[in-house]
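Hi,

Here is the two-chain structure that I promised to pass on. Could you have a look when you get a moment? My notes on it follow below.

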Amino acid sequence: MTRFLALRSVYMILVMIGISILVFALSRMSGDPRYLYMTPGTRWSQEAWDARGKELGLDRPLVMQYVVWAAGAVRGDFGDSIWHKRNSLKVILERAPATLQLSGIAYVCAIVLGTALGVASAVTRGSMLDLVVRSFALVGQAAPPFWIALVLIYVFAVILDWLPTSRRGDWTHFVLPVTTLAWLASAGITRITRSALLEVLDSEYVKLARAKGVGRAKIVFKHALKNALVAPLTVAAILFASFITGTVVVEMVFAWPGLGRLAVEATLQTDFPLVTGLTVIFAAVFLLSSLAADLLYAYIDPRIRIY
Amino acid sequence: MLAMLVRVWRFIRRYPVIPVAIVILLAVTATFAPLISPKHQLVQDLSKVKAPPFWVDGGTTEYFLGADHLGRDILSRIIHGSRISLMVAGIVLSAGAVIGTSLGILAGLSGGFWDEFIMRMVDLTYAVPFLLVALVTAVVFGASLGLVLILLSLFSWPGFARQTRGLTLQLKNTDYVASAKIAGSSTLRISYRHILPGVINIVMVLATLQVGGLILTESVLSFLGIGIPAPQPAWGSMVADGRQFIGTAWWVAMMPGFAIFLTVFAFNFLGDWLRDYFDPRLRQI
């Protein structure tokens with residue numbers, strides 16, 4: 001297990017370095033960073049231009065520029081945001097709680113809902129309930145997130161006028177964004193839980209238990225579920241990836257003042273330090289969560305500890 | 001009569017009739033878009049701004065699904081949008097499938113360094129958060145159709161590479177590959193004569209399964225303003241246009257969104273069906 005952990009961590013650091021090189025290269029490809037700080041229509045004197053270059057470290061070789069940038073990034077310093085005129089990390093940290101709150105609640109809802117529906121539909125295979133659950137999952141997988149959000153807004157805010165459509169506030173502000181995110185995320189979990197449980201219910205040891213006269217509830221919850229939940233568990237960890245996309249879209253639609261919205265705004269304002277900072281931080285979170293998923297998987301299912 | 005209905009129902013349950021119908025319809029609208037669409041997709045008529053669809057009060061069949069905030073015919077824009085969506089999916093999948101399959105066969109056949117290298121690249125691609133890279137590149141190069149194609153292609157090959165490699169490893173040890181080797185076939189010949197026919201089925205199934213996801217991703221990019229640039233009628237940006245009028249003219253956002261949903265639904269369904277049909281053992285992919 002230690003060896004597994006060590007290998008995975010080293011690998012993760014290598015990937016992180018790869019991503020940082022990619023982001024750095026892209027940011028340099030956009031042209032001289034000094035242009036970003038210039039007010040359009042103005043000119044700088046040659047001295048001011050050179051001085052600014054020295055200040056930003058542009059007189060050094062590209063490799064050194066990367067090292068300096070990466071060293072800053074490790075300490076959480078991505079440079080000042082061009083739009084907000086403040087340290088990028090500060091701007092990011094101010095917006096983080098909104099996203100963590102929203103995605104945290106949606107994440108829990110998605111996992112609980114997804115497994116519950118998956119189990120319910122597998123146990124009642126072929127029934128009306130099964131059909132409804134499967135349709136729910138199919139719609140969740142096929143509908144674009146922004147469209148689900150808009151349909152919910154139209155029904156519950158425009159027609160029924162029950163819920164607010166945007167920004168943060170009391171619990172009513174959470175209902176629609178959380179529903180959107182949780183619906184999308186739980187669709188995959190539902191389908192995988194269902195097929196995994198159906199497969200286990202068809203296995204020899206379940207047949208044996210049934211032959212011995214074990215009750216149906218006990219078979220499902222005590223014998224089958226333990227094995228069946230391994231698959232959705234890994235998916236739940238990988239879900240983080242789709243959550244990044246999901247939060248960006250949902251925050252845009254519901255005017256939620258979080259990181260996803262910040263990322264899109266920074267993009268549209270060509271605010272480079274902020275975009276690179278967000279990308280690096282999101283990538284780190286993403287890699288850490290997939291590492292956690294692998295460890296969890298290896299811990300639960302010893303058969304895959306092959307490293 | 002009843003027996004007839006039962007037979008039709010059984011046929012529909014057994015074969016993906018409705019998804020296939022939707023896909024064929026899309027293929028037709030995408031191919032013949034300029035001939036079919038009732039109006040020009042970019043022409044604005046300011047007297048028809050936000051005209052409702054024909055079944056809503058005040059709607060006319062002239063603007064079948066209504067008009068958007070600039071008075072452009074929504075149906076025509078959806079028809080032309082299907083062109084963009086299918087073109088993106090087609091080009092990206094061809095690129096992804098060719099690159100992924102070639103690299104997968106190469107990795108499986110050669111083993112050693114190249115195998116390790118290619119598979120690590122696969123892992124790396126999976127580890128990169130796509131949307132953020134898309135945001136960064138959109139800042140650098142500006143949103144364009146070419147950029148969307150390149151980005152999506154770069155992220156669509158790993159699935160193909162991983163599956164093909166696994167299959168190649170199995171096929172490599174079959175007797176017919178061994179005999180071909182003894183008969184003096186080159187590695188290149190073995191890969192396209194003997195390995196490729198064995199993996200092509202799975203490549204096709206995988207491609208169908210990916211269409212839906214690709215169309216969704218492209219629509220998200222266009223929705224966020226970093227995909228196909230305006231005024232081209234991409235479905236995602238059409239929804240984005242209609243977003244602010246959801247209270248007064250719901251059809252502007254709802255219609256293109258529904259088109260995305262139907263398309264993705266049809267392709268997902270078809271992909272699932274093909275997978276089960278060709279090989280039920282592939283259920284995990």
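Glu116(B) and Arg120(B) sit four residues apart, about one turn of the helix, in helix H5 (residues 112-127) of chain B; helices here are DSSP runs of H or I with at least four residues, numbered from the N terminus. The two residues form a salt bridge whose closest N and O atoms are 2.6 Å apart, where a salt bridge is a side-chain nitrogen of Lys or Arg within 4 Å of a carboxyl oxygen of Asp or Glu. Glu116(B) is partly exposed at 46% relative accessible area, and Arg120(B) is partly exposed at 35% (buried is under 20%, exposed over 50%, partly exposed in between, with a 1.4 Å probe and protein chains only).

Before going further, please keep in mind that this is a predicted model: local features need pLDDT of at least 70, side-chain atom pairs count only at pLDDT 80 or more, and totals for chains, interfaces and linings use all residues. Residues are numbered from 1 along each chain as its sequence is written, chains are lettered from A and ligands numbered from 1 in the order in which they are written, and side-chain values use heavy atoms, with hydrogens and water left out.

Over all chains, a search of the whole structure finds ten salt bridges. One of them pairs Arg194(A) with Asp130(A), with 3.0 Å between the closest N and O atoms. Arg194(A) lies in helix H8 (residues 172-201) of chain A and Asp130(A) in helix H6 of chain A, so this pair ties together parts that are 64 residues apart in sequence. Arg194(A) is buried at 15% relative accessibility, and Asp130(A) is buried at 1%.

Another salt bridge joins Arg261(A) to Glu265(A), the closest N and O atoms being 3.3 Å apart. Both residues lie in helix H12 of chain A, four residues apart. Arg261(A) counts as partly exposed at 22% relative accessibility, and Glu265(A) is partly exposed at 22%.

Now to the interface. How many residues of chain A are in contact with chain B? There are 39, and they meet 39 residues of chain B, contact meaning heavy atoms within 4.5 Å. The two chains bury about 3,600 Å² between them, 83% of it on carbon and sulfur atoms; buried area is the accessible area (1.4 Å probe) that two parts lose on being put together, summed over both. In chain A, Phe146(A), Trp147(A) and Leu150(A) lose the most area to chain B, together 18% of what that side buries.

The rule finds one salt bridge across this interface: Arg191(A) with Asp272(B), at 2.8 Å between the closest N and O atoms. H7(A) gives the most to the side of chain A that touches chain B, with eight residues.

Thr208(B) is in helix H9 (residues 187-223) and is buried, with a relative accessible area of 14%. Leaving out residues up to four places away in sequence, Thr208(B) touches Phe267(B), Leu270(B), Gly271(B) and Leu274(B). Separately, Phe11(B) belongs to helix H1 of chain B and is partly exposed at 48% relative accessibility.

Best wishes

Conventions. Helices (H or I, at least four residues) and strands (E, at least two) are DSSP runs, numbered from the N terminus.
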